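I set out to record what could be looked up in this structure. The entries below begin with the assembly and end with a single residue.

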Number of protein chains: 2
Amino acid sequence: MPKPGQPLPLFGFFRRLLGQDRAFRQAIATVTGSTPDNIRLYHLAFTHSSVVRQQGDTARHQSNERLEFLGDAVLGAVVAEYLFRKFPYEQEGFLTEMRSRIVNRESLNQLALKLGLDKLVQLDPGQGRAARSRSVNGNALEALVGAIYLDQGYKSARKFVLGRLIKPFVDVKSLTLTTTNFKSKLIEWAQREGKSLRYDISGQPRPGGVMEFSATVLLDNEAVAMGMGLSKKQAEQTAAERALEALGI
Amino acid sequence: MPKPGQPLPLFGFFRRLLGQDRAFRQAIATVTGSTPDNIRLYHLAFTHSSVVRQQGDTARHQSNERLEFLGDAVLGAVVAEYLFRKFPYEQEGFLTEMRSRIVNRESLNQLALKLGLDKLVQLDPGQGRAARSRSVNGNALEALVGAIYLDQGYKSARKFVLGRLIKPFVDVKSLTLTTTNFKSKLIEWAQREGKSLRYDISGQPRPGGVMEFSATVLLDNEAVAMGMGLSKKQAEQTAAERALEALGI
């Protein structure tokens with residue numbers, strides 16, 4: 001398996017872009033804090049699938065979706081370590097919840113905008129609103145983390161995530177205090193859309209004498225998502241969160 | 001933030017174990033392929049929560065659950081990179097599916113047994129079967145990856161995952177060929193338990209002219225899980241997979 005830093009056997013597609021764009025190289029250096037070696041990886045990170053879709057489904061690996069998969073995993077590991085060290089007396093459930101507050105779609109989109117990544121993302125303008133969905137920039141940020149990882153290694157990716165994302169922009173302390181209320185967010189949306197909203201709750205005893213609850217979100221009597229939890233409230237929150245995700249809200 | 005390798009400000013609990021157990025240190029070196037620096041991390045990795053539970057909830061950070069959270073993330077990143085490089089022309093969905101086939105609970109348990117980790121795990125024998133749940137060994141494996149990461153850094157953790165887990169024990173090629181059939185697994189279980197099983201399916205049009213389906217698994221008419229997909233079959237598979245997870249099967 002090739003080591004990070006070695007060129008990948010792909011992306012000849014981007015070769016013709018090379019040499020032309022010192023400005024792009026400079027922008028990457030400014031955003032990441034280090035000079036890129038394999039600039040093709042960064043071009044790939046900012047190539048939305050709408051750009052390559054014209055070339056048919058076989059070209060889809062030339063979009064940033066694969067790098068996004070990789071970057072999401074690297075980001076998850078870096079943030080896991082950060083939280084592990086920052087909160088030495090908190091349990092796994094707390095760490096998991098905190099991580100999802102830091103790296104959720106909305107938060108990643110905001111971080112991407114703060115870094116100005118929206119100016120680097122390549123979209124197919126012909127595809128209009130669909131291509132400009134809210135997660136485009138957050139996905140590009142994940143892909144950028146993947147590109148730095150392949151180009152410069154784990155340490156550099158970690159340094160970027162901690163030094164350029166978490167420390168300057170994420171107020172971890174205030175995240176521990178806020179409770180994202182998915183239920184109220186869903187209620188507001190349903191009211192706006194004129195849809196009826198209710199939860200079906202059921203409980204089941206589990207080994208160890210605890211009850212586990214499951215909540216199903218029904219919009220206009222149609223189940224859209226389901227959540228489990230050790231309290232009715234927790235099950236409803238999880239179900240509401242998944243409903244928001246499933247509905248793309 | 002302390003760098004990997006520095007001692008953590010915890011785990012005084014384990015100090016008294018030190019010096020006594022050259023055998024444990026030797027076992028870790030054999031399993032991981034490198035001599036541990038901070039042996040306390042490895043003791044922690046093999047301490048199931050049942051051992052510290054007697055000391056009350058405040059001692060729970062002295063079990064392997066936090067390291068499991070960290071190791072799970074590191075494992076996810078290493079496997080993501082491995083698949084990214086191994087399958088340069090496959091899309092993100094394929095990579096995600098392959099990763100979950102490699103690092104799912106059952107596979108991790110099997111890998112842990114192959115490494116003999118069950119002989120290292122510390123359980124409270126008083127707690128019997130509950131403490132010896134099937135995921136104890138797989139969780140300890142994840143925690144071990146977390147311990148190696150903190151003790152020796154990312155490169156060593158990566159080397160361990162690739163050289164001691166994936167390459168010797170995971171037949172990645174055959175994993176691409178098998179389809180885990182969650183639906184049949186759930187049917188078999190329901191028949192064995194004498195429960196009725198059915199799926200509620202509904203479909204919704206999505207932007208771009210595609211239909212998205214959602215399937216709810218009902219056991220004895222009670223919703224236990226739900227899945228979405230771009231085909232009815234895919235939605236049912238996802239729902240069945242989640243049902244198996246929720247039921248602990």
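This is a predicted model: local features need pLDDT of at least 70, side-chain atom pairs count only at pLDDT 80 or more; totals for chains, interfaces and linings use all residues.

I superposed the copies: chain B can be laid on chain A with an RMSD of 0.2 Å, by a turn of 180° and a shift of 0.0 Å along the axis. The two copies are thus related as by a two-fold rotation axis.

Residues are numbered from 1 along each chain as its sequence is written, chains are lettered from A in the order in which they are written, and side-chain values use heavy atoms, without hydrogens and water.

I checked the interface: 100% of the interface residues of chain B are also interface residues in chain A, so the copies meet through the same surface.

I then turned to chain A, which holds 12 helices and 3 strands (DSSP runs: helices H or I, at least four residues; strands E, at least two; numbered from the N terminus). Of its 249 residues, 51% count as buried (under 20% relative accessible area, 1.4 Å probe, protein chains only).

I looked up Glu142(A), which is found in helix α8, residues 136–152. Glu142(A) counts as buried because its relative accessibility is 7%. Beyond its neighbours within four places in sequence, its contacts (heavy atoms within 4.5 Å) include Glu68(A), Asp72(A) and Leu108(A). Leu108(A) and Glu142(A) are 34 residues apart in sequence, with 8.0 Å between their C-alpha atoms.

Note on methods
Buried means under 20% relative accessible area, exposed over 50%, partly exposed in between (1.4 Å probe, protein chains only). Copies are superposed by least squares on the C-alpha atoms of residues with pLDDT of at least 70 in both.
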